[in-house]
Amino acid sequence: MSAGAGDGIRPIEEGIARQKVELSYGAYLHLDEVLGAQHPVSRPPHHDELLFIIQHQTSELWLKLVLHELRHVQECLTLDDLRPALKGLARVKHIQRQLTEQWSVLATLTPTEYSEFRQWLGTSSGFQSWQYRAVEFVLGNKNPGMLDMFDHDPHARSLLHELLERPTVYDDFLRYLARAGHPVPASVLERDVTQPWVLVPELIPVFTEIYRDAHRYWEAYEACEELVDLEDNLQLWRYRHLQTVARTIGTAKGTGGSSGVGFLRAALDLTFFPELYAVRTEIAR
């Protein structure tokens with residue numbers, strides 16, 4: 001009787017590569033590098049530091065994909081190709097859910113456990129995540145002063161400088177609407193894109209028309225709602241970040257010198273697409 005016929009062992013299919021393979025799973029994913037990239041700094045290494053490292057490393061990987069997708073969304077918008085842009089925004093929303101759910105894992109780290117290795121982190125802080133800053137730049141929350149935070153990292157500073165001077169996703173969407181015949185003010189199309197976005201009252205009637213005649217402007221209407229979903233997800237991520245920090249260190253200062261919970265709470269007041277929220281007041285009247 002052959003192995004697996006009746007002893008509960010599942011036989012390996014004959015076609016599965018065993019020894020000589022052109023490209024293995026581990027080689028394709030560079031797993032030696034990825035799985036070898038966790039280096040606890042506490043001495044002796046504290047058990048819970050690995051959780052802390054992996055939480056932040058995986059977040060950075062997801063942020064890399066978010067940037068990749070948002071830049072593709074912008075390329076599609078500049079080509080007036082809205083459907084793949086919408087697909088890209090939908091993918092970003094799923095990634096955001098992954099990022100938000102990850103806070104539940106980090107929240108299992110108790111104040112006592114974190115305090116046993118926090119001192120070893122020095123001044124390192126999530127505040128220094130250049131990829132998160134890049135996402136905010138792409139979405140419209142630009143701050144030229146933020147570049148100085150990355151003088152120690154020429155690559156990060158260069159990328160942020162590039163994004164500072166490029167239009168945002170919202171800029172590209174508004175330019176798409178203008179080319180489609182919507183009366184987007186010239187001042188919006190010619191604005192200084194290095195500046196953070198602020199509410200433009202003249203845009204509210206443009207979006208009011210789209211929302212009130214959604215069947216006529218369905219794709220633009222859908223794009224507006226995708227952007228609102230994206231901002232809602234980001235605000236939820238910010239809130240879960242705030243709550244996780246609060247339950248771990250209370251109101252103590254962050255390792256990077258920020259006010260911690262106070263700094264994170266202030267970020268909840270930031271908005272990327274204010275006109276897409278203001279239009280709801282118009283529709284409700």
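1. Let me start with Glu-162, which is partly exposed at 34% relative accessibility (the classes are buried under 20% relative accessible area, exposed over 50% and partly exposed in between, with a 1.4 Å probe and protein chains only). Its salt-bridge partner is Arg-71, with the closest N and O atoms 2.7 Å apart (a salt bridge here is a side-chain nitrogen of Lys or Arg within 4 Å of a carboxyl oxygen of Asp or Glu). Arg-71 belongs to helix H3 and Glu-162 to helix H7 (residues 154-164), so this bridge ties together parts that are 91 residues apart in sequence. Helices are DSSP runs of H or I with at least four residues, numbered from the N terminus. Arg-71 is also partly exposed, at 23% relative accessibility. Together with Arg-166, Arg-71 and Glu-162 are linked in a network of salt bridges.

2. A word on the basis of these remarks: this is a predicted model, where local features need pLDDT of at least 70 and side-chain atom pairs count only at pLDDT 80 or more, while totals for chains, interfaces and linings use all residues. Residues are numbered from 1 along each chain as its sequence is written, and side-chain values use heavy atoms, with hydrogens and water left out.

3. The count of salt bridges comes to 14. Among them is the pair of Glu-219 and Arg-83, whose closest N and O atoms are 2.9 Å apart. Glu-219 sits in helix H11 (residues 218-249) and Arg-83 in helix H4 (residues 82-106), so the pair joins parts 136 residues apart in sequence. Glu-219 is partly exposed, with a relative accessible area of 30%, and Arg-83 is exposed at 63%. Another bridge brings together the side chains of Asp-151 and Arg-157 at 2.6 Å, N to O; Arg-157 is partly exposed, at 29% relative accessible area.

4. Now to the rings, with twelve aromatic pairs in the count. Rings of Phe, Tyr and Trp (its six-membered ring) pair if their centres lie within 6.5 Å; planes under 30 degrees apart count as stacked, over 60 as edge-to-face and the rest as tilted. Phe-52 and Phe-117 have ring centres 5.6 Å apart and planes at 65°, so they are an edge-to-face pair. This pair links distant parts of the chain, as Phe-52 is in helix H3 (residues 49-78) and Phe-117 is in helix H5 (residues 111-118), 65 residues apart. Both Phe-52 and Phe-117 are buried. Have a look, too, at Tyr-170, Trp-197, Phe-272 and Phe-273, which ring pairs link into a cluster.

5. The charged end of Arg-133 sits over the ring of Phe-127, 4.7 Å from its centre, and Arg-280 lies over the face of Tyr-277, at 5.9 Å from the ring centre. The rule asks for NZ of Lys or CZ of Arg within 6 Å of the ring centre and within 35 degrees of the ring normal.

6. Finally, Asn-141 is in the loop between helix H6 (130-139) and H7, and counts as buried at 19% relative accessibility. Its side chain makes a polar contact with the side chain of Glu-136 at 2.6 Å (a pair of N or O atoms within 3.5 Å; within protein, one must be able to donate a hydrogen and the other to accept it, and residues adjacent in sequence count only if both atoms are side-chain atoms).

Note on methods:
Helices (H or I, at least four residues) and strands (E, at least two) are DSSP runs, numbered from the N terminus.
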